[in-house]
Amino acid sequence: MAARGENLRINSDRLWDSLMEMAKIGPGVAGGNNRQTLTDADKEGRELFQSWCDAASLTIGVDKMGTMFARREGTDPDALPVYVGSHLDTQPTGGKYDGVLGVLSGLEIVRSLNDLGIRTKHPIVVTNWTNEEGARFAPAMLASGVFAGVIPFDYAYGRQDLEGKTFGDELKRIGWVGDEEVGARKMHAYFEYHIEQGPILEAENKQIGVVTHCQGLWWLEFTLTGKEAHTGSTPMNMRVNAGLAMARIFEMVQKVAMDNQPGAVGGVGQMKFSPNSRNVLPGTVVFTVDVRSPDRAKLDAMRARVEKEAVPICEELGVGCSIEVVGHFDPVTFDPVLVGRVRKAAEDLGYSHMNLISGAGHDACWAAKVAPATMVMCPCVGGLSHNEAEDISKEWAAAGADVLFHAVVETAEIVE
């Protein structure tokens, strides 16, 4: 990139306008987005992205998981592509930037290259991975997991949402089943740009996060079985209270995480009571425990302790307990060469930066299984994400996209 000048930048106005246009699709109730995977809103978002890719003269391929790959040709037909992307799906109460920033910044890179008449040796492929969030169909990072060969294709197609609808059926319903075999593509490198989803960059007053590692995680889905009974007329000593067992397990998970500080987190974000009536003790409670750490030994020890300590809690109350692993990946160390390119780009462009460990999982975690990979992060206000109040500034978005631009194009190799 130095040959073209270290002040080479993306079009920040166009990137921001694209973010705001995409945010109009699947609006939330409080200023964010509800564009859950394989919904009608997801379909509409895909169609808008496709129209922009067509306008940028990109060739779109789609695999059988519905992942979109928009390719800008390189000058060497034998050179493997440089991939850059993230996801367009959101949480039920998601923000306007989580995932979307990475996809549209990838698009902005190829738009800017087109504007400047710059060719690269390697093709560049902008990617929209299906079902990164895992909000509707667990686990998260589903399509990239199948791509990397760590999640079976048939298992993915059979995943159900809370209404019993399957991933495969919903993908067909919205018309985005592609013809490519999943994982058949080969990558020269993979880059992903994302909001931090945490408070560190803002607190440290840094513009760029150079992501060196990603935490591993275990998602453990608990199904507790009690006895439905009237909350008013059932004596306290005669209850089989699955809800009480759930509450005690919640408290136990908190203690396990606190006992493993620093470098560990744990909590519960999803829970379902059945029959979920005000005056009926639940017969069944289903919830997912989420534990994470960048230290694999600590991560696995936390999982083992949570499972072990849940047993006496449930036994004491006479509650049945089954546990299913619905999500897992080991901690990831990103490629040091690509990490170095991100850091150098930030330095060359004059942006303040620091190393980061990603607390959240991303498609880059699975891409790193099949190719050199890394991530770039920008701050978000108050560290807030997975929330409709999620916010970033136009300047933050542009800074990270500029760094991404330089690192991607250096990897794709400018042809003079």
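Contact, on this tour, means heavy atoms within 4.5 Å. This is a predicted model, in which local features need pLDDT of at least 70 and side-chain atom pairs count only at pLDDT 80 or more, while totals for chains, interfaces and linings use all residues. Residues are numbered from 1 along each chain as its sequence is written, and side-chain values use heavy atoms, with hydrogens and water left out.

**Stop 1: L48 and its helix**

Select L48 to begin. Helices (H or I, at least four residues) and strands (E, at least two) are DSSP runs, numbered from the N terminus, and L48 is found in helix 2. Which residues does L48 contact, leaving aside its neighbours within four places in sequence? They are E21, M22 and I25.

Now draw a distance from L48 to R248. The two are 200 residues apart in sequence, and 46 Å lie between their C-alpha atoms.

**Stop 2: helix 1 against helix 2**

Stay here and select helix 1 (residues 12-23) together with helix 2 (residues 40-55). Axes are lines fitted to C-alpha atoms, for helices over the stretch in contact, and angles run from 0 to 180 degrees between N-to-C directions. The two helices pack at an angle of about 150°, with their axes 10 Å apart. That makes helix 1 roughly antiparallel to helix 2; the classes are under 35 degrees for roughly parallel, over 145 for roughly antiparallel, 65 to 115 for roughly perpendicular, and oblique for the rest.

Their crossing is right-handed. A crossing is left-handed if the near helix is turned anticlockwise from the far one by less than a right angle, and right-handed if clockwise. Show side chains for S18, E21 and M22 of helix 1 and for G45, L48, F49 and W52 of helix 2, which make the contact. These residues divide into four nonpolar, two polar and one charged. Here Ala, Val, Leu, Ile, Met, Phe, Trp, Tyr, Cys and Pro count as nonpolar, Asp, Glu, Lys and Arg as charged, and the others, Gly among them, as polar.

**Stop 3: two partners of helix 12**

Look for S12, D13, L15 and W16 on helix 1, facing K394, A397, A398 and A401 of helix 12 in the contact. Five of the contact residues are nonpolar, one is polar and two are charged.

The contact uses L101, S105, G106, I109, S112 and L113 of helix 3, and A397, A401, L404, F405, V408 and V409 of helix 12. By class, the contact has nine nonpolar residues, three polar and no charged.

**Stop 4**

Select residues 215-310, where UniProt places the feature "domain: Peptidase M20 dimerisation" in an unreviewed entry. UniProt positions are given in the numbering used here, feature names are shortened, and annotations may be inferred rather than shown by experiment. Over this range the chain is 34% helix and 35% strand, with the end C-alpha atoms 24 Å apart.

Colour strand 8 (residues 216-225) and strand 12 (residues 284-293), which pair over 10 bridges. W218 has V291 in strand 12 as its bridge partner.

**Stop 5: backbone details**

Finish with the loops. The peptide bond from S274 to P275 is cis, with omega near 15°, and P275 sits in the loop between strand 10 and strand 11 (280-281). Another cis bond runs from A138 to P139, with omega near 5°. P139 lies in the loop between strand 5 (124-128) and helix 4 (142-147). M141 is also in the loop between strand 5 and helix 4, and its phi is near 50°, a positive value in a residue other than glycine.

Key
Two strands pair if DSSP finds at least two bridges between them.
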